[in-house]
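Hi everyone, thanks for making time today. I'd like to walk you through a structure that may be new to you, starting with the overall fold and ending at the ligand.

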Amino acid sequence: MLSYTVPSSPVAVADELAALYARVFAEPPYREGPADVRVFVRNYTEDVAHPGFGVVVAHDDGTAVGFGYGTARRPGEWWPGCDAPPPPEIVECPSFAVYEWAVDKPYRGRGVGREIMVRLLADRPEPWATLAVHPHADAYRIYIRAGWRQVGMSYIADRPAMAVLIRRTS
Ligand SMILES: CC(C)(COP(=O)(O)OP(=O)(O)OC[C@H]1O[C@@H](n2cnc3c(N)ncnc32)[C@H](O)[C@@H]1OP(=O)(O)O)[C@@H](O)C(=O)NCCC(=O)NCCS
């Protein structure tokens, strides 16, 4: 049975999230491998200590099948390499940066991802959320349909160009 939790110890779920991350982001257009999974684990374990960290995990009978996480950012803090400056909404207030959002393939299209995102953004003190998404991923269209607005592109050497999106948290 599906359940959604905010883990009491976010570090304790790092291994199961890494296993899920590895499965999901091995798919195109990402085609990530073990080195990328290690980067995920390093970033995640650093981010849990960040102020305003938030994570939601979906489990099915004890197995993690989806998750989303992010951290709060100071006013004006923005995506590196973005070709547009942060819009006024982001300059004026703290924002919530969504770093990962993933659902295991067999569980997609059933509202699991939506429920994770709704819970992740619920009751955030930051009025706006931001994220960077691969423009060729299905997720890009999902975000736009869900009311996210593209405000720029982020270009970082040796990494795919990413669309930078913002949306109100509530
Ligand atoms: C993005 C992702 C997390 C969505 O999870 P999901 O459980 O399939 O999403 P849901 O079933 O809750 O669907 C969310 C919305 O997107 C729509 N949607 C789902 N799949 C879609 C697709 N392939 N194309 C367009 N829209 C789609 C649904 O109809 C739903 O719309 P609604 O809320 O208006 O009803 C999942 O597809 C995934 O893990 N993708 C690979 C990883 C990824 O790209 N993550 C984002 C990185 S930034």
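A quick word on terms before we count anything: helices here are DSSP runs of H or I with at least four residues, strands are runs of E with at least two, and both are numbered from the N terminus. Please also keep in mind that this is a predicted model.

With that in hand, the protein has five helices and seven strands. Reading from the N terminus, the order of elements is β-α-α-β-β-α-β-α-β-α-β-β. The radius of gyration is 15 Å, close to the 15 Å that the globule rule gives for 170 residues, so the protein is as compact as a globular protein of that length. Its C-alpha trace spans about 45 × 35 × 30 Å along the principal axes.

What about the inside? Of the 170 residues, 29% are buried. And if we take contacts between residues at least 6 apart in sequence, 66% of them join residues at least 24 apart.

Now to the ligand. How many residues surround it? There are 19, and the closest are R108, G113, R114, D138 and A139. Which of them gives the most? That would be helix 5, with five residues.

Finally, the make-up of the shell around the ligand: ten residues are nonpolar, six are charged and three are polar.

Conventions. Residues numbered from 1 in each chain as written. Predicted model: local features only at pLDDT ≥ 70, side-chain atom pairs only at ≥ 80, totals over all residues. Rg over C-alpha atoms; globule rule 2.2 N^0.38 Å. Buried ≥ 20, exposed ≤ 12 C-beta atoms within 10 Å, placed from the backbone. Contact = placed C-beta atoms within 7 Å. Near = placed C-beta within 6 Å. Nonpolar A, V, L, I, M, F, W, Y, C, P; charged D, E, K, R; others polar.
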